[in-house]
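Reader: I have a structure open and I want to learn how to read it. Can we go through it feature by feature?

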Amino acid sequence: MGLDVRHLTYVYNPGTPFETKAVDDVSFEVHDGEFIGIIGHTGSGKSTLIQHFNALIEPTSGSVLVDGEDIFASKSRAALRRRVGLVFQYPEYQLFEETVLKDVCFGPKNMGKAEGECASAAREALRLVGLNEDTWEKSPFELSGGQQRRAALAGVLAMQPEVLILDEPAAGLDPSGRKEILDIIKRIHLKGTTVIMVSHSMDDVARLCGRIIVMEKGRKAMDGTPAEVFSRVEELEKMGLKPPSAALLAKRLKARGTDIDDSVYTLAGLIDELKNKLGGIKQGA
Amino acid sequence: MLNNITLGQYFPGDSFIHRLDPRTKILLTIMFLVCVFLSRGFLGFGLIVAFIFLCARVAKIQLKFLFRGLKPIAIIVIITFLLNLFMTPGDDLLWKWGILSVSVQGIKNALFMAFRLILLVTGTQLLTLTTSPIRLTDGLESLFSPLSRIGFPAHELAMMMSIALRFIPTLIEETQKITRAQKARGADFESGSLIKRAKALLPLLVPLFVSAFRRADELAMAMEARCYRGGKGRTKMNPLKYAKSDLVAFLCLAALVVLIVLTNKSGIGVI
């Protein structure tokens, strides 16, 4: 299903001295099966923006259309929420049930599914995030940080959303936890779910996303493929964003005189490029 | 829903009143309360109102902020008003229906009591609007410190108060976040019977408590890591000092007390 964001504006504390425009006239379309990364500096409005997508906050003006239907006008917000799953930052803080399985069942249960259906959806979600069966009957508070994060992610996946939105899914995890959670998200995308991921890690976004939206001061600053976005390194740096390390390295190598295509932005791409060029030198010599 | 808690909200500024020593302001607030109770007529109240307006003017606080604090006590004011209106015995009855009767004396009394409550709250609001919570607890600690000789934990209480105040906004923010997270999972906090709604709060309360305990734990650890060990021998970064302006402020309030006693004596407007 497609999301259509039209001239979305959100103002915090309107009419007071503390008035701030968190989202300022943002428009874009999300197509079926896309993997979109939203990046931006702290306070650029990323988190506020995505909370509109499942009608948790109402915009000051503008609209979000799901399959052509305005989600803020429609009466069936609950139905829309189940189609657009939102995973908040540090989602493990929302765990509350006695057992992991029961907690994951919370979402499907709220959708009015029968007990058995809930449990099977929950089991499927737990398997998808790679939590072993021996953790299912444990209290969620007994799990490690990374496991808690995955259990919370399963809690949203169990609702079987068509669009999955994640706010900094890897924040605060150790490198192996980061990799695990990102691999899970990649798998979910490959299974056909549309994914929108907010992140401040350019490397993660460069590696995973097919399209990148850059936010600055509440406005959409860039929107394009990773190659397009990361070719504008100077602009990104002006916004206080660090381009992917592979792109930086390529740029520096080129500046020092290495003959290399500096438009690469992933580690794998850089390695290929270097192999090509270095191999070429050998052949020439 | 949780954003409109003004009671005790500090309004930053740099006026004569803002700069007064917090101890002075606390003592003056007590004196102010005495004034309100001393006054036996509307002339005295007029003086107090003038005093509040003057203070608000000096502190550059908009009147709407002063009156916003009245919202939570509006019901108490109304009940007080009605009780006094109907329950005051008097000879000159204006209206009577069954056991309910309204006399001229009743109207006067009702207005007087309601007015008194409103003045009490707006006056004390001046203290919390012009004093940051940190300075306020500093002031309280210092005022109560003589009592620590007889075992009163002045420093500990002050520390507890500042920590509690510090974490109110954090907890409010956390509540909003978890509410939204659970709503995203289809939780419904707004509809259904009372029992159903109380049960629906569980997914909100459990994570909130868990995180409050976690925060408390982390804070205790951080304080210990920085060698915090209670009030004994602890010095302050900004020690409190009385200045000339504090004396001026004391004199102002003393004048108010005298004026009110005089209006009571004169008998003008006394009930």
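**Reading the model step by step**

Author: Start with one residue. A:F18 is exposed, with 8 other C-beta atoms within 10 Å. A residue is buried if 20 or more other C-beta atoms lie within 10 Å of its own, exposed if 12 or fewer, and partly exposed in between, with C-beta atoms placed from the backbone. A:F18 sits in the loop between β1 (3–12) and β2 (20–30) of chain A. A:F18 and A:L274 are 256 residues apart in sequence and 51 Å apart in space, C-alpha to C-alpha.

Reader: What are these numbers and letters, and where does the model come from?

Author: This is a predicted model: local features need pLDDT of at least 70, side-chain atom pairs count only at pLDDT 80 or more, and totals for chains, interfaces and linings use all residues. Residues are numbered from 1 along each chain as its sequence is written, while chains are lettered from A and ligands numbered from 1 in the order in which they are written. For elements, helices (H or I, at least four residues) and strands (E, at least two) are DSSP runs, numbered from the N terminus.

Reader: How do I read a sheet? In what order do the strands of the 4-strand open sheet of chain A lie?

Author: First, the rule: two strands pair if DSSP finds at least two bridges between them. Here the order is β2-β1-β4-β5 (chain A), and the pairing is antiparallel. β2 and β5 (69–70) of chain A are at the edges, each with a single partner strand, so one side of each has no neighbour in the sheet. Inside, 5 bridges join β1(A) to β4 (residues 61–66) of chain A. One pair to find: A:V5 has A:V64 in β4(A) as its bridge partner.

Reader: And which strands make up the open sheet of 6?

Author: They run in the order β6-β7-β8-β3-β9-β10 (chain A), with mixed pairing. β6 (84–87) and β10 (219–224) of chain A stand at the edges with a single partner strand each, so one side of each is left without a neighbour in the sheet. The twist averages 15° from one strand to the next. Axes are lines fitted to C-alpha atoms, for helices over the stretch in contact, and angles run from 0 to 180 degrees between N-to-C directions.

Reader: Is helix α3 of chain A enclosed or open to the outside?

Author: Count its buried residues. They are 10 of the 11 in α3 (residues 100–110) of chain A, so the helix is largely enclosed by the rest of the structure. Its buried residues pack against α4 (115–128), α5 (133–136) and α6 (145–157) of chain A, together with α10 (202–225) of chain B. Two residues are in contact if their C-beta atoms, placed from the backbone, lie within 7 Å.

Reader: How many residues of the two chains touch?

Author: 21 residues of chain A are in contact with 17 residues of chain B. The elements giving two or more residues to the chain A side are α2 (77–83), α3 and α6 of chain A.

Reader: How do I describe two packed helices?

Author: Two packed helices are described by the angle between their axes and the distance between the axes. Take α8 (residues 154–184) of chain B and α10(B): their axes come within 10 Å and cross at roughly 140°. They are therefore oblique to each other. Angles under 35 degrees count as roughly parallel, over 145 as roughly antiparallel, 65 to 115 as roughly perpendicular and the rest as oblique.
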